[in-house]
Amino acid sequence: MTQDDSYDVVVVGGGAAGLTGALVLARARRRVLVVDAGAPRNAPAGRVHNVLGHEGVTPRGLVDTGRREVEGFGGEVRDGRVTTVDRDGDAFRVDLADGTAVRARRVLVATGLTDHLPDVPGAAALWGTGVLHCPYCHGWEVRDRAIGVLGAGVQSAVQALIWRQWSDDVVLFTHTGAPVTPEHRALLDARGVRVVDGEVARLDAVDGTLTAVRLATGDVVARDALAVAPRFVANADVLAALGVEPVDQVVHGAVRGTHVPADPTGLTAVPGVWVAGNAADVTAQVVVAAAQATAAATAINVDLVLEDARRALRATGAHAAS
Ligand SMILES: Cc1cc2nc3c(=O)[nH]c(=O)nc-3n(C[C@H](O)[C@H](O)[C@H](O)COP(=O)(O)OP(=O)(O)OC[C@H]3O[C@@H](n4cnc5c(N)ncnc54)[C@H](O)[C@@H]3O)c2cc1C
């Protein structure tokens with residue numbers, strides 16, 4: 001590795017979180033490199049919603065703009081995949097899948113998460129269009145349409161009540177989820193949400209558009225959209241060499257997936273390594289992921305400022321007063 005391969009900060013992942021962190025750091029006059037594998041989680045969706053000033057932008061359009069903004073302040077963005085982050089003296093070595101490596105004084109991991117969909121034939125092909133998880137991301141687009149909710153656990157009844165905010169035609173398919181409690185059934189009845197018991201066998205689609213939910217009994221229920229509860233798994237393999245393992249994240253009393261634990265600034269258990277976005281928090285939507293990265297980036301800059309000041313002091317031969 002040469003001096004050219006040394007950065008103040010390497011950002012692993014260039015989605016909403018990584019690019020926001022890089023923008024803050026580049027504007028703080030830090031030498032920053034973003035390495036991005038180019039597959040933001042929301043790519044299957046046509047548009048991004050609830051991002052003020054960018055309402056309805058395409059997922060690719062948002063990150064393309066972000067990349068240009070980072071580069072406009074001197075940040076570097078490289079297409080590629082990081083395989084490992086490991087210690088290298090008082091810094092970190094970041095290995096890429098193409099066999100190259102770079103050195104970083106600090107690392108911001110913003111690798112997002114992987115949505116593990118329910119094992120229902122037809123679901124994967126419709127992910128992000130007819131098969132949905134987030135009412136705030138997609139609810140408006142399917143307002144007043146025939147919406148189904150695929151039962152996955154006790155929270156599914158509440159999920160059905162939430163989707164009811166966007167349509168008065170909501171069906172909860174209990175599928176293999178927990179039985180609906182009498183209390184939840186009363187609430188669903190009161191809001192006109194129909195409960196259909198029995199396992200869902202597959203989803204029917206015509207030209208890539210969901211048309212119906214087919215039950216194991218052979219019954220078919222016409223639906224325009226089906227809400228599911230994926231398992232959200234943090235993309236955290238790059239941290240394994242540092243001994244950082246993702247742990248379960250509990251949301252509203254239920255385990256919804258895994259995340260990398262960190263303090264409120266995103267600092268992990270390894271000094272010098274921060275995490276932001278969906279890798280840190282499975283619930284983070286785009287602006288929340290970006291906000292987390294802003295907090296992490298400012299904490300990283302302060303950490304570097306103090307290190308630079310201590311180095312400067314040592315160079316004078318003096319010692320800091322204790
Ligand atoms: C179908 C769908 C629709 C959604 N719609 C909305 C919406 O309308 N509004 C909203 O606010 N939220 C929406 N979300 C949520 C949104 O996708 C997340 O909030 C957001 O993507 C989180 O940003 P992130 O930067 O943490 O992760 P990501 O956007 O997933 O970015 C992570 C980046 O890191 C890269 N990466 C991963 N591993 C590595 C590696 N080892 N080396 C290098 N790069 C790596 C990935 O390729 C990716 O480019 C939606 C989610 C889904 C699934």
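Predicted model: local features only at pLDDT ≥ 70, side-chain atom pairs only at ≥ 80, totals over all residues.
Arg223 is found in the loop between β14 (220-222) and β15 (225-227). Its relative accessible area is 5%, so Arg223 is buried; the cut-off for buried is under 20%. Leaving aside residues up to four places away in sequence, Arg223 touches Ala146, Ile147, Gly148, Asp169, Val170, Val171, Phe173, Leu210, Thr211, Ala212 and Val213.

Aromatic rings were examined next. A pair of aromatic rings is described by the distance of the centres and the angle of the planes. A search of the whole structure finds two such pairs. In one of them, the ring centres of Tyr136 and Trp166 are 5.6 Å apart. Their planes stand at 80°, so this pair is edge-to-face; planes over 60 degrees apart count as such. Tyr136 lies in helix α3 (residues 135-138). Trp166 lies in the loop between α4 (155-163) and β10 (170-173). The pair therefore ties together parts that are 30 residues apart in sequence.

The other pair joins Trp163 and Trp166. Here the ring centres are 6.3 Å apart and the planes are at 55°, so the pair is tilted. Trp166 counts as buried, at 17% relative accessibility. Trp163 is buried as well, with a relative accessible area of 0%. Tyr136, Trp163 and Trp166 form one aromatic cluster.

Charged side chains also lie over aromatic faces. Arg31 lies over the face of Tyr7, at 4.3 Å from the ring centre. Arg143 lies over the face of Trp140, and there the distance to the ring centre is 4.1 Å.

Strand β2 (residues 32-36) and strand β3 (residues 76-79) run parallel. Four bridges join them. Leu33 has Glu76 in β3 as its bridge partner. Between the two strands, the chain passes through helix α2 (residues 59-72). This β-α-β crossover is right-handed.

Definitions and conventions:
Residues numbered from 1 in each chain as written. Heavy atoms only, no water. Phe/Tyr/Trp six-rings, centres within 6.5 Å; stacked < 30°, edge-to-face > 60°. Buried < 20%, exposed > 50% of the residue type's maximum accessible area, 1.4 Å probe, protein only. Lys NZ or Arg CZ within 6 Å of the ring centre and 35° of its normal. Pairing = 2+ DSSP bridges. Right-handed = clockwise from strand over helix to strand, strands pointing away. Contact = heavy atoms within 4.5 Å.
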